[in-house]
Amino acid sequence: MSCGTYFGRRRLFALIGAALVAAATTACERRPGTAEADSTGDILVGVYASLSGDGASFGQSSLEGIQLATEQINTAGGVLGGRQLRLLVEDDQSRPEEASSAVTKLITQDQVVAVLGEVASRRTLAAAPVAQRYQIPMLTPASTNERVTQVGDYIFRICFIDPFQGEVLAAFAYNDLEVRRAAVLKDLQQDYSVGLTDAVVRHFTALGGEVLPPVSYSTGDADFRAVLTQIRALDPDVLFATGYYQEAATIVRQARELGMTMPILGGDGWVGDALRNGREALANTYISNHYSGDNPSPVVQDFVSSYRAKFNREPDSIAALSYDSVKVLADALERAGTTAGAAVRDALATADVAGVTGQLRMNEQRNVEKPAVIQEVTYADGEVRFVYRTTINPH
Amino acid sequence: MDTFLQQLINGVSLGAIYALIALGYTMVYGVLRLINFAHGDVYMLGAFAGYFLANALNLDANPSVLWAIAVTIGAMAICAGVGVLIERLAYRPVRHHSRLTALITAMGVSLLLEYGGQVVFGATPRFFPQMIRSETYAIGGLQITNQSLLIIVVAVVVMFGLEFIVHRTRIGKAMRATSYNLPVAKLMGINTDFVIAFTFAVGSALAAAGGVMVALAIPRIDPLMGLMTGLKAFVAAVLGGIGNIPGAMLGGLIIGLMETWLSATAYSTYRDAVAFAVLILILLVRPAGIMGSAVTEKV
């Protein structure tokens, strides 16, 4: 009996081995992207998002925005003569290495024609080289780090970039809040935070303000009292927290607990569900953002009401950008007339679509130049609201 | 000067957290000579138990000190049970094998709890409900929250409580006897299985209390929260002299203060590395720890 099992197992291993070899050779034959584009059937679109982990709020909002837009496009008759968009979604657990393997899987196994994602720049930067290598267009809704689209000519984005965002934040602080002495807390592990910090420091100094040496922390830190105490001793009149929402909520709270009452400013990375854990401490904080749900324009209000109807909550800027990303992709597919990677890339490079987050006109660097809004963060009854303050245009 | 004193307060409240967890390491080591690496993860389970209990009672909307105490006791009871279960299922079967076997088992249990936690609770950090209204007391230019004060007070009380149990009670005597020589203690009629289970129950309950209180002060909890905190508490226990109760307290405070002062310099991102450098240094220079001696009186 045991002898039989032994042989049975050996045979099983041999079979698995043979299957693996076969799969590997088939994979080599079917070079994704370069193969002839399918002309019938559903169009497969890959989505990689942080549906769990530190950035789960980003992933959730992003996916919802993408789903809403896809549903609307499909109901309206799809693209390329009635073909439906079909989403294939991978969770990268908020980890860069998972992001890169998720995109590899989407491209090599699922044979998607384009990839949407990510929100956090670090994860997009980890996955973009994969898309570039396989020549599959990648469109990121919300990664603002400058380097993202520099990875290659298949990588596009539909949001502003951090050099601009930093300028906006610095200008608002200097001109509107009239503060002169700034402290900066940055997340050393996130390309986004590092890039945004550089931009804020550069522009605030250029305006004539003084910036204290930036203080670093790491994603996942929960105790900022020591660094905040140190910052407090230097007596700044504004604090920039350039990281993501999880840590921002804690930083704001602990700063207020230490008696630091100065305005605290952050970027679009603050837009996440967990920011509400900052509670009352969120008073006197401001962020730069991509879009404001208060905007009375019918395009925005239509989006807000259909999002609310489908998901029973208010859309945030990540959801809005992700919604727009599908619209831009669908438009590019339509104009390319095919799902072939190179043709879709060329169409994306000339995209010019009126989106919820503004006019999405692709420039030479595969970025979109859009105005930014400054919002005041308010907290009441357990909910955070971003109240529109001003719009700052690119120049 | 204000800044120095404020950092002292920050450091002591962080150190008290490490001390509370280090006490659990030290207790188990004292009796079994086992580094219970799963201890930090029991601390995590304690925070999650508190999270679910507090949310079931809707304490976020109606903060109440009495209910907060009830939640803490509930979490302690749950984790005491978990601790006993871990001992019974994982450690007892390998008790008569080499100490290395037990150590590897402990790492296995730790990984099981961390990644099992990710499956059950999800990897997304959660925010712990505010069972007690956060209040900040200002003394001159110094700020301390009621939650930090609570942690410090509880850590000190627990330390004296443990000293009392170990040195003044019957079960404490049995623990010391078991620690001194397990087979002989058994021959003398001591129910060593019970003593060991009791040790795990108390240690795990302490970890749970620590988990709930830390989550109150720093309300972000996730399944991997026990990993780094647990390791640093372990360093604290070794630094103070593992097996020695006041030593665990002292070690915790030293690690907490060091980390705080380092965070305040330009080298803030090296603070984890420094904690482990201390571990290496202490093992090289004085393996018995600060309060330990060559013939340490073990718990």
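## Chain A overall

Chain A contains 11 helices and 15 strands, where helices (H or I, at least four residues) and strands (E, at least two) are DSSP runs numbered from the N terminus. Its radius of gyration is 23 Å, close to the 21 Å that the globule rule gives for 395 residues, so chain A is as compact as a globular protein of that length; the radius is taken over C-alpha atoms, and the rule is 2.2 Å times the number of residues to the power 0.38. The model is predicted, with local features needing pLDDT of at least 70 and side-chain atom pairs counting only at pLDDT 80 or more, while totals for chains, interfaces and linings use all residues. Residues are numbered from 1 along each chain as its sequence is written, and chains are lettered from A and ligands numbered from 1 in the order in which they are written.

The C-alpha trace of chain A spans about 75 × 60 × 40 Å along its principal axes. Of its 395 residues, 55% count as buried, a residue being buried if 20 or more other C-beta atoms lie within 10 Å of its own, exposed if 12 or fewer, and partly exposed in between, with C-beta atoms placed from the backbone. Among the contacts in chain A with a separation of 6 or more, 69% are between residues 24 or more positions apart; two residues are in contact if their C-beta atoms, placed from the backbone, lie within 7 Å.

## The five-stranded sheet

Chain A holds an open sheet of five strands in the order 2-1-3-4-5, with parallel pairing, and two strands pair if DSSP finds at least two bridges between them. At the edges are strand 2 (85-91) and strand 5 (155-157), each of which pairs on one side only. The twist averages 25 degrees from one strand to the next. Within this chain, strand 1 (residues 43-49) and strand 3 (residues 114-116) run parallel and are joined by three bridges, and Val45(A) stands opposite Ala114(A) of strand 3.

## Backbone features in the loops

Most residues other than glycine have a negative phi, and most peptide bonds are trans. In the loop between strand 2 and helix 3 (96-108) of chain A lies Gln93(A), whose phi is near 55 degrees, a positive value in a residue other than glycine. Gln93(A) is buried, with 21 other C-beta atoms within 10 Å. Ser94(A) also lies in the loop between strand 2 and helix 3; its phi is near 65 degrees, again positive in a residue other than glycine, and with 28 C-beta neighbours inside 10 Å Ser94(A) counts as buried.

A cis peptide bond, with omega about -5 degrees, joins Gly117(A) and Glu118(A), and Glu118(A) is placed in the loop between strand 3 and helix 4 (121-134) of chain A.

## Helices 10 and 11 of chain A

The axes of helix 10 (residues 317-336) and helix 11 (residues 341-349) of chain A come within 8 Å and cross at roughly 120 degrees; axes are lines fitted to C-alpha atoms, for helices over the stretch in contact, and angles run from 0 to 180 degrees between N-to-C directions. Helix 10 contributes Ala332(A), Leu333(A), Arg335(A) and Ala336(A) to the contact, and helix 11 contributes Ala343(A), Val344(A), Asp346(A), Ala347(A) and Leu348(A).

## Chain B

The secondary structure of chain B comprises 11 helices and four strands. With 299 residues, a compact globule would have a radius of gyration near 19 Å, and the 19 Å of chain B agrees. The C-alpha trace of chain B spans about 60 × 45 × 35 Å along its principal axes, and buried residues make up 53% of the 299. Among contacts in chain B between residues at least 6 apart in sequence, 78% join residues at least 24 apart.
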